Every structure is written in C-alpha cells, then in structure tokens.
Amino acid sequence: MNFKYFEHIVKHLTVVSACLLLGALARLAFLDKGVDDYTANIIFWCVTALGVILYALIVLFLDGIIKNRKILPQKNSSKNSTKDVIPTENLENIRQEQQNIIDQNAQGKKNIAIKYTQNQFALYTSEDDLKSLCNYVVLYSEKNKLDNIKPIKIEKLSNLDLYHFGWNIWKHFNVRNQFETAVFLKKIFSESLKEVEPESIKRHLKDDEMKGIITIKESLSD
C-alpha cells in the first residue's frame with residue numbers, strides 16, 4: 001500500500017474518531033441532564049457529523065489558500081521577468097549609445113591631431129612621409145605597438161620643434177606617459193634624433209615653449 005495513501009487513512013480515521021468521541025461526550029452530558037436515549041443518540045450523531053463537516057470545511061479552506069500561494073508567485077515571477085527584460089534591453093541601448101559617443105570623441109581627437117600634424121609638417125617632409133607620420137600618430141593614440149617604423153625625414157625643423165610636437169601630441173591624447181612619448185619621437189624621427197636618448201628627449205619636451213617653428217599649444221583645435 002502506498003505510504004501517502006496509508007497516511008491519509010490514518011489522518012482521517014483520527015479525525016473521525018475524535019468527532020465520535022466528541023459526540024459521545026455530548027451524548028453523556030445530555031443523558032446526565034435527563035434526556036432520553038433516543039434524543040441523546042440524535043445529539044451524538046449530530047455532534048459527530050458537525051465535527052466531520054467542520055473538519056472538511058477547514059481542510060478545503062486551507063487547501064485553497066495553499067494552491068493560491070503556489071500560483072501567485074509564478075504570476076509575480078513572470079511579471080518580474082518581463083519587467084527585468086525591458087530594463088536590460090534599455091541598459092544595452094544606453095551602453096551602446098555611450099560607447100558610440102566615446103568612439104566619436106576618440107575619432108574626433110584623431111582627426112584634430114591628423115590635421116595638426118599635416119599643418120605642421122606639410123612644408124618640411126615629403127607627401128609619403130607625411131602620410132606615414134599621420135598613421136604613426138593614430139597608432140600612438142590607440143596605444144598600439146610601433147613596429148616596422150619607416151623613419152620620417154624632415155627638413156629645416158630643429159630637435160626643439162620635434163620636442164614641442166611630441167608634447168602637444170602627448171597632451172592632446174593623454175593616453176601615454178612622457179617617456180613613451182619620447183620613445184615615440186625617437187623611433188619616428190630616428191635620423192634627426194639619433195644622438196639624443198629618450199630620457200633626454202623627455203626632459204626637454206617643453207623647453208622654450210614659444211621658440212621654434214612648432215611651438216607649445218594649449219589646444220590642437222586652436
């Protein structure tokens with residue numbers, strides 16, 4: 001026999017026995033008061049039946065509450081899941097919008113730096129070298145490795161001009177430290193700066209700010 005089925009039988013027999021006991025007590029109480037056997041028996045069965053009916057009503061009531069509680073969390077959870085999906089989608093859109101803004105700002109900075117580089121070096125290097133220099137500036141801004149560098153050949157510009165150019169690029173992008181900027185200058189202008197070490201370049205990046213063809217600028221947009 002199934003254990004749960006047996007458990008239900010025992011539970012119901014216990015309740016019925018309790019109701020019978022309650023009916024018997026009621027019967028005895030009324031007999032003590034002088035009620036005849038026929039009436040006492042009717043009272044016995046009425047009390048017993050009332051006890052069984054009350055028990056059945058209580059069980060049904062409690063069973064209904066339990067079922068409702070099981071259903072409600074599922075409904076709520078489905079609502080919550082629906083609510084959660086919408087904010088997540090909105091959050092992804094916000095993230096994408098913010099990333100687009102960041103990308104646009106970064107590209108805007110690159111464009112400004114490229115235009116600045118073209119203006120400063122157009123008269124002092126070849127067209128091919130100027131294109132290469134602009135590409136190197138973009139690599140610098142993206143913090144990419146500068147491998148297979150073809151040195152830029154320049155005319156009329158002094159080391160001080162190159163230092164000032166390095167300072168302006170460093171300040172504009174603000175993505176590398178000054179020593180890395182000095183190494184950058186040393187690599188791309190290796191012929192002009194072959195006698196100068198990166199540490200020395202770093203120390204002199206901002207020397208004599210207003211001297212030379214290329215001067216120190218507060219902003220490359222100006």
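A: Let's start with a word we'll need: a residue counts as buried when its relative accessible area is under 20%. I188 has a relative accessible area of 0%, so it is buried. Keep in mind that we're looking at a predicted model.

Where is I188 in the chain? It belongs to helix α5, which covers residues 178-188. Leaving aside residues up to four places away in sequence, I188 touches L133, Y136, I149, P151 and I152. Now look at V137: 51 residues separate it from I188 along the chain, yet their C-alpha atoms are 9.8 Å apart.

That brings us to helix α3, residues 127-141, which packs with α5. In general, two packed helices are described by the angle between their axes and the distance between the axes. Here the angle is about 155° and the axes lie 12 Å apart. Angles over 145 degrees count as roughly antiparallel, so that's the label for α3 and α5. Their crossing is right-handed. On the α3 side, the contact is made by L133, Y136, V137 and Y140, while α5 brings T181, F184 and I188. Sort the residues of this contact by type and you get 6 nonpolar, 1 polar and no charged.

One last stop is the cysteines. C134 has a relative accessible area of 8%, so it is buried, whereas C46, at 48%, counts as partly exposed. A disulfide is a covalent bond between the sulfur atoms of two cysteines. Searching the whole structure turns up 0 disulfides.

Terms used. Residues numbered from 1 in each chain as written. Predicted model: local features only at pLDDT ≥ 70, side-chain atom pairs only at ≥ 80, totals over all residues. Heavy atoms only, no water. Helix = DSSP H or I, 4+ residues; strand = E, 2+ residues; numbered from the N terminus. Buried < 20%, exposed > 50% of the residue type's maximum accessible area, 1.4 Å probe, protein only. Contact = heavy atoms within 4.5 Å. Disulfide = S-S within 2.5 Å. Axes fitted to C-alpha atoms, helices over the stretch in contact; angles between N-to-C directions. Parallel < 35°, antiparallel > 145°, perpendicular 65-115°, else oblique. Left-handed = near helix turned anticlockwise from the far one by under 90°. Nonpolar A, V, L, I, M, F, W, Y, C, P; charged D, E, K, R; others polar.
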